[in-house]
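Biologist: Take me through this model. I want to know what stands behind each label you use.

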Amino acid sequence: MRETHGSVDIGLIIGLFSLVLIGSLAYLFPTAKIPDPGGKYEVGVEIIELDDNSRIDPFSDGEMIRRLVIDIWYPSDDTSGKRRSPWFRSHSLFVNSLADNYNLPPMLFQHLRAVKTNSFIGAAPSANANNLPVVILSPGMPAIVPLYFSFAEYLASRGFVVVGIEHPYAASVVEFSDGSQFHFNKDRVLDLPGVETFEEGARLSMELMADDLSFVIDSLSKLNESGHQLAGIFDLDRVAAFGHSGGGGVVHFASNDDSRIKALLSYDPALFMLNDNEIEEGIGIPSLIIETDEWKFREESGRISDLIESSVFPPLHIKISEARHPDFAMLDHLSPLAHFLDFTGSFMKSGGEYYLYDIIQSFLEYTFGNLSESELLSRLLQRDDVRVFKGIHEIPR
């Protein structure tokens, strides 16, 4: 018989410690679930690779054409027999790249291996999927398109097509089917031809990615006329550009040069590369800018208020004090660690992401004629912890 009186039961302590450790890991690294988008449609997704033979990629080590990967989400009526898309297509590749770029150990992301989305690969488009409005997404840097999956699914389940652009060298990593990979490197902009300063390189990089958006619109036009199952679903007279952070700067550049972009959505846009003339020209199309309080103190934000004041179409401008810049990449889906590491604010904990989903859809519906301005403003003002402006004037409650 084992003697336990007056002594420590090592086996019991080890067992208790193991239970505490397992419980802690289950809390810190839960199997995250992309929220159900809740629309009337199911969601299909297609991954398509594009080669732009008209452009040499200035970031490449050799004479290589510009290549892109695009993720297309769209409404579907029937996803039976189709495989549910994983959140990260190449788990270990994305995890290691994200960990490197955010200076975190890869183990923090390993639990994401099992995460599935609400999108089904190759599902047939809905019978109603004809000439649908298109939202082109340019992610933050060095974020990746999958971090915005929930936005895309929300809109696709409600009758929109969302096209996420994986920009090589700007995304954390972009992988092609032939195995080639392109990783983010902030200092690579200094290697661009004729560049002497980081600011010059950053501007050329944004202009390159703005050209990516125009090339994608060209490609969607060709896809409409092809034998592809997605042919005919894109209404290229109703195109909106949506970007976060550096991607927010990219879509502003793109909208200045491509008249096919009819509306602009940006989260904490990096506008520090706009010159004085571009600031004075302002924004010439309907736009919605959502800004966290912390962003206005960041150099990358640029002269947002000056741009707004000079715009022909006074932008709708929402200021959110309790959100953080990374919130827009939906880092709260990763684990509670996102909050502990000070990546996220309290806004998302109180249903903020559903507010963001709703106002994006509402702005698009308003822009494309299905919602009145009074209805839009009512939805923008539905939370007391946001301030809403039209141009430089705050909208009273």
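Modeller: Start with contact, which means heavy atoms within 4.5 Å. Among contacts in the chain between residues at least 6 apart in sequence, 73% join residues at least 24 apart.

Biologist: What kind of model is this, and how are residues numbered?

Modeller: This is a predicted model: local features need pLDDT of at least 70, side-chain atom pairs count only at pLDDT 80 or more, and totals for chains, interfaces and linings use all residues. Residues are numbered from 1 along each chain as its sequence is written, and side-chain values use heavy atoms, with hydrogens and water left out.

Biologist: How many helices and strands are in the chain, and what makes a run a helix or a strand?

Modeller: The chain has 10 helices and 14 strands. Both are DSSP runs, numbered from the N terminus: helices are H or I with at least four residues, strands are E with at least two.

Biologist: What share of the chain is buried, and what does buried mean?

Modeller: Buried residues make up 55% of the 397 residues. Buried means under 20% relative accessible area, exposed over 50%, and partly exposed in between (1.4 Å probe, protein chains only).

Biologist: Why does His-244 count as buried?

Modeller: His-244 has 5% relative accessibility. The limit is under 20%, so His-244 counts as buried. His-244 lies in strand 9 (residues 234-244). Leaving aside neighbours within four places in sequence, the contacts of His-244 include Tyr-148, Tyr-267, His-325 and Phe-328.

Biologist: Where is Phe-88 found, and why does Phe-88 count as buried?

Modeller: Phe-88 is in the loop between strand 3 (84-86) and helix 2 (91-101). Phe-88 counts as buried because its relative accessibility is 4%. The C-alpha atoms of Phe-88 and Val-145 are separated by 9.5 Å. Along the chain, these two are 57 residues apart.

Biologist: Is Asn-131 buried, partly exposed or exposed, and how do you know?

Modeller: Asn-131 has 45% relative accessibility, so it counts as partly exposed. Asn-131 lies in the loop between strand 4 (116-121) and strand 5 (132-138). Asn-131 and Gly-232 are 101 residues apart in sequence, yet 6.1 Å apart in space, C-alpha to C-alpha. Beyond four places in sequence, Asn-131 is in contact with Gly-232, Ile-233, Phe-234, Asp-235 and Arg-238.

Biologist: Now the helix pairs. Why are helix 4 and helix 5 called roughly perpendicular?

Modeller: The axes of helix 4 (198-224) and helix 5 (residues 246-257) cross at roughly 65° and come within 8 Å. Axes are lines fitted to C-alpha atoms, for helices over the stretch in contact, and angles run from 0 to 180 degrees between N-to-C directions. Angles under 35 degrees count as roughly parallel, over 145 as roughly antiparallel, 65 to 115 as roughly perpendicular, and the rest as oblique. Helix 4 and helix 5 are therefore roughly perpendicular.

Biologist: Which class labels does the contact of helix 4 with helix 5 carry?

Modeller: That contact has 8 nonpolar, 2 polar and 2 charged residues. Ala, Val, Leu, Ile, Met, Phe, Trp, Tyr, Cys and Pro count as nonpolar, Asp, Glu, Lys and Arg as charged, and the others, Gly among them, as polar.

Biologist: What makes helix 3 and helix 9 oblique?

Modeller: The axes of helix 3 (residues 149-156) and helix 9 cross at roughly 50° and come within 10 Å. Helix 3 and helix 9 are therefore oblique. Ser-150, Phe-151, Tyr-154 and Leu-155 of helix 3 meet residues of helix 9, including Leu-356, Tyr-357 and Leu-364.

Biologist: And why are helix 9 and helix 10 called roughly antiparallel?

Modeller: Helix 9 and helix 10 pack at about 170°, with their axes 9 Å apart. Helix 9 and helix 10 are therefore roughly antiparallel. By class, their contact has 6 nonpolar, 1 polar and 3 charged residues.

Biologist: How do you know that the buried residues of helix 10 line one face?

Modeller: In helix 10 (residues 373-380), Leu-376, Leu-377 and Leu-380 are buried. Seen down the axis, they fall within an arc of 95°, so they line one face of the helix. The arc is that of the directions from the helix axis to the C-beta atoms. These buried residues pack against strand 12 (316-320), helix 9 (352-367) and strand 13 (386-390).
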